[in-house]
Amino acid sequence: MTPRTWGLWSDLGLRGHTAARIAAPGWDSRTELRNTAFVQLVLSSGLRRQEGGALLTFELPTQRLRHGRYLHGHIAGVLSRSKTGRTYYATADSVGQVESYVVSERAWAVQRAQASGRYDRLPVMRLVTEVTHGLKPMVEWVDANGVVGAQELNRLDWRERQWLFIQGPNGPEPAWLWLTEHGLPMDPDRWNGVFRTANLRCEKVLLTAKEREIDRDFRLAEIRARSPYATPHSGRHSFALYQLIVLNQLMETRFGLTKADRRDFALLFGDPWFLVKILLGHSDVETTKRHYLAPVAHLQLQSILAAAETADDSKDIEDLDGVFARLARESAGIQDIDTLVGAAS
């Protein structure tokens, strides 16, 4: 999906808005901040469901890059498909949304769980005493029986991470970032249900009751096109597409590189495909091209991203929304809000 279509999907599916993009009466927003923060983090970072879904509170990016728009963090190798740790980048806005969730909705869930004694009844609790720094950070803890333990952060799998607690202002609380309404760690695969529910809400707003009765796999393409549809992995695809377009735009326009300059740049830093491959953590650039950016692989990006045909160099190039809208019109597999609205009208 294009960025604007993600906005529509989030408003309707996660925020309970009506077709007029206003909050629906009686909307239950108990996990709205959590869900929207997770989606924005995945969209801005390209993290897989398990990578983003198994983050600990002290793993949130805090170090800003120059100019401050992006922050970078580290994904533990055991959480990645390649079992190799890597640096990831997320926008300051998306991290800010996660922080807002932490101090509000998440904090309330923790307080309720503490008040009910829910954490006291857990079979395993490891209270973190220290997290070391360096190339191989270690997590040290003490369990309920006073037994001391430690493990390299990069080797803690998602199940072991759910046992980690930190000392909060009102007692122990999970180090696991994403919590259920009951204040307990939310398994990564439960995000599938969040996205499924959001898809159904979008269909309820944008499709007729008769159209919704038909299984999605058997609906006509024109009906499917009227309602945005997403999975946790869709955010990773959208991130890859966005980064490819931005990197090409930088090389084609803002940097003003000639063909020779672009060749030299690619030799030193890699071409946009190679750079997106690194951001996604793929071992082979062909994986990036074949599985993540197939909808645009057949297009000549130079023609997509070139400035409008004019001899006047002072005119602005096409904005990114325009680029995405054109891609959606010319390619299969990309949803854009203009297409959805046009199909509904």
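A: Val142 is located in strand β5, which covers residues 138–143; strands here are DSSP runs of E with at least two residues, helices are runs of H or I with at least four, and both are numbered from the N terminus. The model is a predicted one, in which local features need pLDDT of at least 70 and side-chain atom pairs count only at pLDDT 80 or more, while totals for chains, interfaces and linings use all residues. Residues are numbered from 1 along each chain as its sequence is written, and side-chain values use heavy atoms, with hydrogens and water left out.

With a relative accessibility of 24%, Val142 counts as partly exposed, the class between buried (under 20% relative accessible area) and exposed (over 50%), computed with a 1.4 Å probe and protein chains only. Once neighbours within four places in sequence are set aside, Val142 is in contact (heavy atoms within 4.5 Å) with Met125, Arg126, Leu127, Thr129, Val147 and Val148. Val128 is 14 residues away from Val142 in sequence, and their C-alpha atoms are 6.7 Å apart in space.

Strand β5 belongs to an open sheet of five strands, ordered β6-β5-β4-β7-β8, with mixed pairing; two strands pair if DSSP finds at least two bridges between them. The edges are held by β6 (148–152) and β8 (171–174), and because each has a single partner strand, one side of each is left without a neighbour in the sheet. Direction ignored, neighbouring strands of this sheet are turned by 45 degrees against each other on average, with axes taken as lines fitted to C-alpha atoms. On the β8 side, strand β7 (residues 164–168) runs antiparallel to β8 and is joined to it by four bridges; Gln167 has Pro172 in β8 as its bridge partner.

The structure holds seven aromatic pairs, meaning rings of Phe, Tyr or Trp (its six-membered ring) with centres within 6.5 Å, called stacked if the planes are under 30 degrees apart, edge-to-face if over 60 and tilted otherwise. Phe38 and Trp191 form a stacked pair, at 3.8 Å centre to centre and with 5 degrees between the planes. This pair links Phe38 in helix α2 (residues 32–45) with Trp191 in helix α6 (residues 191–206), parts of the chain that are 153 residues apart. Phe38 is buried at 1% relative accessibility, and Trp191 is buried at 0%. Trp191 also pairs with Trp178, and because their planes stand at 90 degrees with ring centres 5.8 Å apart, this pair is edge-to-face. Since Trp178 lies in the loop between β8 and α6, while Trp191 is in helix α6, the pair ties together parts 13 residues apart in sequence. Trp178, too, is buried, with a relative accessible area of 0%. Through ring pairs, Phe38, Tyr101, Trp178 and Trp191 are linked into a cluster.

As for the whole chain, there are 16 helices and eight strands, and buried residues make up 45% of its 345 residues. Among contacts with a separation of 6 or more, 62% are between residues 24 or more positions apart.

Key:
Axes are lines fitted to C-alpha atoms, for helices over the stretch in contact, and angles run from 0 to 180 degrees between N-to-C directions.
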